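Here are some notes to read beside the model. Please go through them in order with the structure open.

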Amino acid sequence: MITIKDLGFAYGEKVVLKNISMTLEEGRIYGLLGENGVGKTTLLTLLCGLKRPQAGSIDTDGLKPFDRQPSLLSDQYYLSDEVPAMNMKAEEYAKNYGKFWENFDLGKFHEVMAVFENDPQQKMTHMSFGQLKKTYISFALACNTKHLYMDEPTNGLDIPSKSQFRKAVTKYTREDSIILISTHQVRDLENIIDPIIILDRQDVLLNATLEEISQKLYFDYSSEKIEDALYCEMIPGGNIQVCLNQSGEDSKVNIEALFNTVHQHKELIKGIFNK
Amino acid sequence: MKNDIFNFRRFGKYFASDLMTCRANYGLSLLTISLVFPIALYLIINVFHLIMESTWNGPDLGLRFFVFCVAMFCLIVTMPVKCYGKLTEKQYGSFWLTLPASKLEKFISMFIIICIIAPFAGAALYIGADALICAFDHTCGKNLIAGSIEFVRKWSEMGEMTMNFVDETFTIEDATLTKELLEQLSSPLLYIDEIFGITLPFLLGAIYFKSSKTVKTILVLFAISTVSSIVMAPIVDSWSSELLENMNNDPTAILEMFSNGLFKNLVLLDTVTDTIVNVALLTCIWFRIKTLKH
């Protein structure tokens with residue numbers, strides 16, 4: 001379990017995260033959403049130990065990430081949004097570095113590379129950005145770590161690769177793992193992320209499972225206008241409207257509409273979900 | 001309970017992969033510097049001799065030794081940046097910091113590769129290439145190793161000669177002192193730790209500065225030497241004034257001062273001062289690794 005308590009971080013005078021508290025539980029794929037510059041990448045880098053918290057604390061299974069102890073590092077993987085092109089073949093890279101992660105599975109690396117239709121014999125310096133990203137995603141999944149942090153993993157991937165990514169994440173991750181994926185492109189991950197965390201400037205607006213969200217909010221896809229809708233967006237053939245779920249009726253959560261609703265009614269949503 | 005500070009098995013794995021990464025990043029440059037320098041020197045000097053004197057004559061030992069020092073300096077200056085300079089870049093730095101090995105293991109591996117393996121591998125390749133050239137073309141004379149051994153032998157003989165050259169103006173004490181000084185100067189210990197003294201500042205510069213790493217390191221070294229010269233000048237000045245005054249009063253006092261202190265313990269003094277500087281540099285490198293963030 002990861003416990004974040006009163007976390008604070010600033011770049012000089014610019015405060016990015018302030019009093020952030022949340023708990024990340026095992027067996028979940030968290031979607032970390034937020035506008036540009038709200039601190040999604042900062043939060044991920046703090047979680048994986050690339051930065052030291054300036055206030056508060058992060059506890060990952062009893063360890064502090066910034067201590068960068070090998071026992072924690074070997075059970076976590078951070079996939080950055082920008083990945084380095086190493087001067088070696090993808091397979092060489094996997095063999096050379098995979099041995100540092102106790103549960104690394106070279107066979108799984110090849111399987112995921114095959115899912116992505118990526119050639120493990122290709123030199124990483126000769127790969128396109130998308131191919132390089134797919135190599136690193138394959139490596140990240142093959143590491144079989146308990147904690148997996150991915151920053152904008154679908155950036156640079158083509159349309160088939162995005163669905164291959166969803167397939168790979170659901171098939172090749174551990175049951176007990178905590179996966180945190182930050183993204184702007186919610187549609188790419190719509191069916192795999194649950195719970196959803198929405199970050200705002202210096203605040204967490206929402207941290208709830210899809211079940212909790214659908215219990216408290218109702219997503220209407222009809223063409224009839226709802227008077228007290230919190231959010232309404234026209235789509236071909238009707239509307240997406242979000243309103244408070246007073247009847248307890250089930251509905252399919254539309255993450256993009258949810259994101260916009262949360263941003264338009266910050267205090268109301270925080271009030272509803274913090275009850 | 002896992003050892004999070006140092007584990008031999010994990011260190012072995014890390015060191016092997018670190019070495020492989022360095023080979024991929026710098027192997028070709030190391031080969032180029034170590035092999036191209038002696039071959040190019042040999043060809044240029046021969047062409048020069050052919051044009052100017054119409055003779056086939058290879059470079060002499062002195063010139064070859066000078067170019068060897070230049071090549072080793074180029075290698076030592078460029079290698080840390082090529083191997084570890086990327087640590088300050090977000091992409092590679094993030095990857096390196098999250099690689100499951102302890103900070104101590106990463107630090108030791110870095111030290112071994114930059115301060116021991118690279119200079120010795122480069123020197124071995126260079127000396128090997130030089131030996132091959134000398135074996136094929138006798139106009140070059142002795143190879144670097146044989147030439148150096150010969151040089152040290154002659155150096156020692158000079159000491160013996162001074163012992164025999166004793167008359168009224170040059171006393172037996174003078175001769176003993178000269179012999180001791182020459183022996184001290186020919187000690188390899190005097191020079192081996194200099195390798196660390198040259199490599200460590202460039203390694204620190206490679207992982208500290210974000211851009212123009214080599215140039216900035218040279219500028220910092222230049223600034224430090226300028227400041228230390230300004231600080232040390234009055235001290236040396238007062239010391240030399242005192243020395244001159246003593247020399248006027250009692251010439252033997254200076255001889256005693258040198259023979260009892262500086263000359264006899266030259267290697268020890270040099271090793272101690274170099275060790276202090278090297279330990280300070282290693283401490284800075286360690287703290288840089290420990291506090292590196294992305």
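1. Start with Gln264 of chain A. Gln264(A) is exposed because 12 other C-beta atoms lie within 10 Å of its own, and a residue counts as exposed if that number is 12 or fewer. Please keep in mind that this is a predicted model.

2. Where does Gln264(A) lie? It lies in helix H9 of chain A, which covers residues 255-264. Leaving aside neighbours within four places in sequence, Gln264(A) is in contact with Leu230(A) and Tyr231(A). Gln264(A) and Tyr231(A) are 33 residues apart in sequence, and their C-alpha atoms are 7.9 Å apart in space.

3. Tyr231(A) leads on to a pair of strands. Tyr231(A) stands opposite Val242(A), a residue in E12(A). Strand E11 (residues 231-235) and strand E12 (residues 238-244) of chain A pair over five bridges, in the antiparallel sense. The hairpin of E11(A) and E12(A) has two residues between the strands, and Gly237(A) takes a positive phi near 90 degrees there.

4. Next, the domains of chain A. The chain is divided into domain 1, residues 2-207, and domain 2, residues 210-273. How far apart are the C-alpha centres of domain 1 and domain 2 of chain A? They lie 29 Å apart. Contact between the two involves 10 residues of domain 1 of chain A and 11 residues of domain 2 of chain A.

5. Which elements of domain 1 of chain A give two or more residues to the side that touches domain 2 of chain A? They are helix H7 (186-189), strand E8 (196-200) and strand E9 (203-208) of chain A. E8(A) gives the most to this side of domain 1, with three residues. By class, the side of domain 1 of chain A that touches domain 2 of chain A has six nonpolar residues, four charged and no polar.

6. A pair of helices in chain A also deserves a look. Two packed helices are described by the angle between their axes and the distance between the axes. Helix H4 (residues 106-115) and helix H5 (residues 129-142) of chain A pack at an angle of about 145 degrees, and their axes are 8 Å apart. The crossing in which H4(A) passes H5(A) is right-handed.

7. Which residues make the contact of H4(A) with H5(A)? From H4(A) come Leu106(A), Lys108(A), Phe109(A), Val112(A) and Met113(A). From H5(A) come Ser138(A), Phe139(A), Leu141(A) and Ala142(A). The residues of this contact between H4(A) and H5(A) divide into seven nonpolar, one polar and one charged.

8. Now turn to chain B. Of its 294 residues, 23% count as buried. Among contacts in chain B with a separation of 6 or more, 75% are accounted for by residues 24 or more positions apart.

9. Last, the place where the chains meet. In contact across it are 22 residues of chain B and 24 residues of chain A. On the side of chain B that touches chain A, the elements that give two or more residues are helix H1 (8-53) and helix H3 (90-97) of chain B. This side of chain B has eight nonpolar, seven polar and seven charged residues.

How values were computed
Residues numbered from 1 in each chain as written. Chains lettered and ligands numbered in written order. Predicted model: local features only at pLDDT ≥ 70, side-chain atom pairs only at ≥ 80, totals over all residues. Contact = placed C-beta atoms within 7 Å. Helix = DSSP H or I, 4+ residues; strand = E, 2+ residues; numbered from the N terminus. Nonpolar A, V, L, I, M, F, W, Y, C, P; charged D, E, K, R; others polar. Pairing = 2+ DSSP bridges. Domains from an automatic or database assignment. Buried ≥ 20, exposed ≤ 12 C-beta atoms within 10 Å, placed from the backbone. Axes fitted to C-alpha atoms, helices over the stretch in contact; angles between N-to-C directions. Left-handed = near helix turned anticlockwise from the far one by under 90°.
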